[in-house]
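The sequence and the structure come first, and the notes follow by topic.

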Amino acid sequence: MTRRPDTLKETPSQTAGPYVHIGCTPNFLGNTGIYPEDLGARMVNDRTRGERITITGTVWDGTGTALRDALVEIWQADADGLYPSPEETRGAADPDFAGFGRSGCDWETGAFTFATVKPGRVPYPDGRLQAPHVTVWIAARGINTGLHTRMYFADEADANAEDPVLARIEHRNRVPSLLAQPEGNGVYRFDIRLQGDHETVFFDM
Amino acid sequence: MTKGGFIQRDRAWHPPAYAPGYKTSVTRAPGRPLISMPTTLSEETGPVFGRDMLGPRDNDLILNFARDGEAAIGERIIVHGRVTDEHGRGVPNALIEVWQANAGGRYRHRKDGYLAPLDPNFGGCGRMVTDAEGRYEFRTVKPGPYPWPNGVNDWRPSHIHFSLFGSGFAQRLISQMYFEGDPLIWQCPIVRTIPSDAAVERLIAAQDMTATIPMDALAYRFDIVLRGRRQTLFETRKEGL
């Protein structure tokens with residue numbers, strides 16, 4: 001019998017379930033007194049460098065109903081395109097920028113919101129620059145493995161046109177599902193559609 | 001040797017997005033194939049949360065929501081284990097967040113209306129950061145099983161939810177831990193979204209008498225594997241050079 005390489009299998013995923021807030025955003029839920037504040041609640045402070053933006057949106061299911069029990073997380077570079085991570089080897093990121101944000105969804109409307117800065121450009125493995133983007137991860141009841149997508153900026157048409165990840169999308173009419181639309185005053189709307197004609201592109205990497 | 005990208009996820013090992021036995025997945029499963037891409041810096045970096053963020057009782061669910069001098073009701077247990085990557089190397093500084101129902105199967109959550117009572121001394125929430133070898137432990141009470149609206153008479157086995165961050169955002173994982181010997185495991189539609197029994201067994205914690213504290217708490221061991229990175233001399237990568 002062929003001997004397979006001696007590697008371990010990843011722990012299988014399970015849904016986050018409807019009560020994900022208890023563990024991940026207890027203060028948002030109203031379970032106060034355990035942690036001083038929820039993780040990912042504050043991405044910027046007064047000294048953070050870069051253009052302030054607000055990302056807001058809603059996660060929609062296949063019937064057009066807003067998910068009100070989802071957990072949305074984002075991870076992004078600072079205004080200079082550097083990640084606040086030990087795995088970042090190109091330089092030190094802005095010490096006043098967290099890079100990671102986490103938001104529950106409004107109990108009535110399903111809206112999620114992040115106050116952050118517009119990220120700089122980050123290289124692809126071959127050295128080409130990617131367009132400014134934000135990594136987005138969605139966990140919820142009914143989602144068996146967290147969904148990984150990216151938010152790009154609709155007002156970065158030139159950078160988006162040369163982005164190596166967007167270039168991998170064969171059906172070009174699906175690219176707009178990844179473009180956040182500017183609504184003025186630094187607000188960008190990014191709706192996530194789990195199914196349907198305008199289904200968001202989700203990635204496997 | 002340099003670090004390559006993350007090893008691809010074995011999607012046939014994880015539960016499929018569309019799993020009709022778990023009814024909520026039907027309208028929340030993407031209908032189109034995932035778009036494949038290599039991991040880039042955006043997925044190979046990730047937030048790291050230091051121990052200085054942690055409070056002294058963050059990994060003690062028996063006490064971290066309890067009034068002074070009181071404690072959560074239920075079977076006292078220690079849950080411990082090791083987080084490694086697919087190469088078997090410990091993952092240090094991994095943030096683990098856990099949440100669970102109380103001993104009666106009731107969650108402290110606005111959407112849970114199960115008739116079992118809340119325990120005023122139990123919040124059901126804890127977190128910890130793995131040590132240099134990837135080890136973790138926390139103390140809690142064993143959660144109870146509870147009914148849920150899926151089939152007419154579906155019950156969740158006793159379980160603890162786990163959320164993990166490794167060193168790269170591509171490793172992000174949420175899963176659930178079950179308890180050895182629970183007959184409800186194999187009847188649960190959420191467990192059964194996982195295609196193989198071998199994969200389900202990876203979520204079942206074994207009772208561990210070596211970690212049990214005599215006259216105090218039983219122990220369960222739950223080891224977790226996160227995605228690993230390719231190790232190579234040959235991968236051409238410009239970033240960081």
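A salt bridge is a side-chain nitrogen of Lys or Arg within 4 Å of a carboxyl oxygen of Asp or Glu. By that rule, 9 salt bridges are counted between chain B and chain A. This is a predicted model, in which local features need pLDDT of at least 70, side-chain atom pairs count only at pLDDT 80 or more, and totals for chains, interfaces and linings use all residues. Residues are numbered from 1 along each chain as its sequence is written, chains are lettered from A and ligands numbered from 1 in the order in which they are written, and side-chain values use heavy atoms, with hydrogens and water left out.

**The interface of chain B and chain A**

- The contact (heavy atoms within 4.5 Å) takes 79 residues from chain A and 92 residues from chain B.
- The size of an interface is often given as the accessible area lost when the parts come together.
- Here the two chains bury about 7500 Å² between them, with 57% of it on carbon and sulfur atoms; buried area is the accessible area (1.4 Å probe) that two parts lose on being put together, summed over both.
- One of the salt bridges joins the side chains of A:Asp69 and B:Arg28, at 3.0 Å from N to O.
- On the side of chain B that touches chain A, the elements giving two or more residues include strand E2 (35–36), helix H1 (41–44) and strand E10 (173–179) of chain B.
- Helices (H or I, at least four residues) and strands (E, at least two) are DSSP runs, numbered from the N terminus.
- E10(B) gives the most to this side, with 5 residues.

**Pairing between the chains**

- Strand E10 (residues 203–204) of chain A and E2(B) run parallel and are joined by 2 bridges; two strands pair if DSSP finds at least two bridges between them.
- Opposite A:Phe203 stands B:Ile35 in E2(B).

**B:Thr40**

- B:Thr40 lies in the loop between E2 and H1 of chain B.
- B:Thr40 counts as buried because its relative accessibility is 0%; buried means under 20% relative accessible area, exposed over 50%, and partly exposed in between (1.4 Å probe, protein chains only).
- Its side chain makes a polar contact with the side chain of A:Gln130 at 3.4 Å.
- Leaving aside neighbours within four places in sequence, B:Thr40 is in contact with A:Tyr124, A:Pro125, A:Gln130 and A:Arg150.

**Strand E3 of chain A**

- Strand E3 (residues 100–104) of chain A is mostly covered, with 5 of its 5 residues buried.
- On one side the buried residues are A:Phe100, A:Arg102 and A:Gly104, and on the other A:Gly101 and A:Ser103.
- E3(A) pairs with strand E2 (residues 71–75) of chain A in the antiparallel sense over 5 bridges, and A:Gly104 is the bridge partner of A:Leu71.

**Positive phi values in chain B**

- Most residues other than glycine have a negative phi.
- B:Asn93, in the loop between E3 and E4 of chain B, has a positive phi near 60 degrees.
- B:Asn93 counts as partly exposed because its relative accessibility is 35%.
- B:Met215 has a positive phi near 65 degrees, and counts as exposed because its relative accessibility is 88%.

Technical notes
Polar contact = N/O pair within 3.5 Å; in protein donor to acceptor, adjacent residues only side chain to side chain.
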